[in-house]
Amino acid sequence: MAYTRGNLAVKERARQEQVQQQRYRETTKVVTRRRELPIREKLLYLLTLVACIVIAGMLIGRYAHIYQINYAINTASKDISKLQTNIAQLKIQKERLENQIVPTAKQQGYIEPTKEPIHVEKQAAK
């Protein structure tokens, strides 16, 4: 091998030999395992999670109670407005009936009392 630096054919053959050698090279992969959490840290996370769930449950319960109270207030106000309209109608009916008392009494034969007081005699006991 006299002159190899400038000869491209020789360089090409050398590359092909390196590629063939790399095909058969065995590769290894390094697997790293995560370290497990200590028991105290697990308990701390668990207690934090339980505390958050309890607080959320309390808040949701409070909001549900407030919703029920608001619903009761709305139904009570609707009932009150219905009763007020009913009371107004009954007052009107009462005034009509009061105005009709004297004419119906005269039609049925009643006479108005005089200005003199009415005396009732007591009967003697026998």
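Just after helix 2, G109 has a positive phi of about 100 degrees. This is a predicted model, in which local features need pLDDT of at least 70 and side-chain atom pairs count only at pLDDT 80 or more, while totals for chains, interfaces and linings use all residues. Residues are numbered from 1 along each chain as its sequence is written, and side-chain values use heavy atoms, with hydrogens and water left out.

Helix 2 has a kink of about 35 degrees at I101, shortly before the proline P103. The bend is the angle between axes fitted to the seven residues ending at a residue and the seven starting there.

UniProt, in an unreviewed entry, places a "transmembrane region" at residues 43-64; such annotations may be inferred rather than shown by experiment. Over residues 43-64 the chain is 100% helix and 0% strand, with the end C-alpha atoms 31 Å apart.

The structure holds one salt bridge (a Lys or Arg side-chain nitrogen within 4 Å of an Asp or Glu carboxyl oxygen). It joins K42 and E36 at 3.4 Å, N to O.

Accessibility classes are buried (under 20% relative accessible area), exposed (over 50%) and partly exposed in between, using a 1.4 Å probe and protein chains only.

| Residue | Relative accessible area | Class |
|---|---|---|
| K42 | 39% | partly exposed |
| E36 | 62% | exposed |
| V54 | 44% | partly exposed |

Methods:
Helices (H or I, at least four residues) and strands (E, at least two) are DSSP runs, numbered from the N terminus.
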